[in-house]
Amino acid sequence: MTQLRVHGLDVSYFTGKLEAYLRAKGLAYELVEMDTRSFRRCARITGVAQMPQLELTDDRWLTDSTQIIAHFEREAPGIAIYPDDPALRFIADLLEDFGDEWLWRPAMYYRWSFEPDATLVSDRLARSMLRDVPLPVLLRRWLIRSRQRRCFLHSDGVTRASAVAIEAVYVDVLDAMQTALSSQPFLMGERPTQADFGFFGSMFRHFASDPTPAALMQKRAPKVLEWVHRLWNLTPDQFVDRPMPTALTSGLDRLLCLACEDYLPYLDVNEQAFEAGALQLSWHSRNIKFSTAVNPYRVCCLQHLRSQFQSMDDAGCAEVEAWLLSFGGAGGRMAVNLLRQAVGPKALALAVPPGTATSSRARTEVVLNSHWRRNHPFHH
Ligand SMILES: N[C@@H](CCC(=O)N[C@@H](CS)C(=O)NCC(=O)O)C(=O)O
């Protein structure tokens, strides 16, 4: 095999994020469209049932888009995307994680709650992912739609009452990004960073493509639409000589504020519930009570942010703290305290996020795998 193989789907959030990164880095790859059989096969190889899964040219496999990016930034640093400055790199990590995880619910909400969106994507999935299921297309469409609604709406706190708060998350992020992108091509300046790729999965594969959120984006945030196309069309020569970010641009204040006020308090509750051995948690966001399953992967996310923060020298930590306190709104102080905390004993056991192994047989972490497997009917 001479080029990378991305096993995933062209409607998938995290496959889109990974593809955009590989394209920007100039790393040639082939997209191999998954079906349910290959989904199970990839899960057996890496130990994690998810997409994308990346097959390297030497028979090793990687999964988890954030970890895959980290791998290439280590192994192929030529055209780096991580900011050189440690404090800015931390902010880019925080924004990547916020984009990756916090927009998942609104992305699923718009795709599966609105009739035109659900019809379009269920048809697409019935003919791609479910193409090896020996049932008529109509039934496959019904199956995937019911499954996605059960796993990603009902189990993730999406209700009639919470819809308003979920829509507000999307609209607020759109507006914040429109501001950030009004004077520069990428979120942190002249060059793309991991922050851009963190927002790309949802913005490209869901919000700019599914009819209901796409109409909102076109009307409300044309700069974001332009950025989606810019990032998808990016090649290394377009940014190789552009400067790394050297300062936090003021247009990012709203996005940082949303990360501190919306996302980090949830990560805190999720970690506490995990430490207490709970399976369910509830928390309030924008005056709405959400009840969802405890998410071990996001315990890893918080831990990763903490260890990045705590690995900086005093000057770096002080700089990040000053930014969080001045831009983090009501969540700034809490964000600083959360990042300063020591990692809890149970969370420490999750030191490595799922599927980060670089050998063909990934290390299998019991808690994470049972979490992922529970949620994956394609995985038997
Ligand atoms: N943290 C992972 C998340 C991967 C993920 O959740 N992917 C979704 C698709 S975008 C998935 O595997 N879904 C499988 C399913 O629907 O069961 C990453 O960054 O790659």
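Modeller: By class, the shell around the ligand holds 3 nonpolar, 5 polar and 2 charged residues (Ala, Val, Leu, Ile, Met, Phe, Trp, Tyr, Cys and Pro are nonpolar, Asp, Glu, Lys and Arg charged, the others, Gly among them, polar). The model is predicted; local features need a pLDDT of at least 70 and side-chain atom pairs a pLDDT of 80 or more, while totals for chains, interfaces and linings use all residues. Residues are numbered from 1 along each chain as its sequence is written.

The shell consists of 10 residues, of which S12, Y13, F14, Q50 and S65 come nearest to the ligand (near: C-beta, placed from the backbone, within 6 Å). Two elements give two or more residues to this shell, namely α1 (13-25) and α3 (65-75) (DSSP runs numbered from the N terminus: helices, H or I, at least four residues; strands, E, at least two).

Where does D64 lie? D64 is found in the loop between β4 (61-63) and α3, and α3 is one of the elements that contribute to the shell. Although D64 is not a glycine, its phi is positive, at about 85°. D64 is also buried, because 26 other C-beta atoms lie within 10 Å (buried: 20 or more such atoms within 10 Å; exposed: 12 or fewer; partly exposed: in between). The other feature is a cis peptide bond between M51 and P52, with omega at about 5°. P52 belongs to the loop that runs between α2 (36-46) and β3 (53-55).

R286 sits in the loop between β5 (280-285) and β6 (288-293). R286 counts as partly exposed, because it has 14 C-beta neighbours inside 10 Å, whereas D64 is buried.

I turn now to the chain as a whole. It contains 17 helices and 6 strands, and its C-alpha atoms fill a box of roughly 60 × 50 × 45 Å along the principal axes. Of its 380 residues, 45% count as buried. Among the contacts with a separation of 6 or more, 74% are made by residues 24 or more positions apart (contact: C-beta atoms within 7 Å).

The largest nonpolar core has 103 residues, and those touching the most other members are I91, L95, M177, V224, L255 and A259 (core: buried Ala, Val, Leu, Ile, Met, Phe, Trp, Tyr and Cys joined through C-beta atoms within 7 Å). Helix α12 (residues 253-275) supplies the largest share of this core, 12 residues. Helix α8 also has a buried side: A165, I166, Y170, V173, L174, A176, M177 and A180 are buried there. Beyond its neighbours within four places in sequence, L255 is in contact with L95, A176, M177 and A180.

A273 also lies in helix α12. A273 counts as buried because it has 20 C-beta neighbours inside 10 Å. Leaving out residues up to four places away in sequence, A273 touches A278, L281 and V294. Between A273 and V294, which stand 21 residues apart along the chain, the C-alpha atoms are separated by 6.8 Å.

Note on methods. Two residues are in contact if their C-beta atoms, placed from the backbone, lie within 7 Å.
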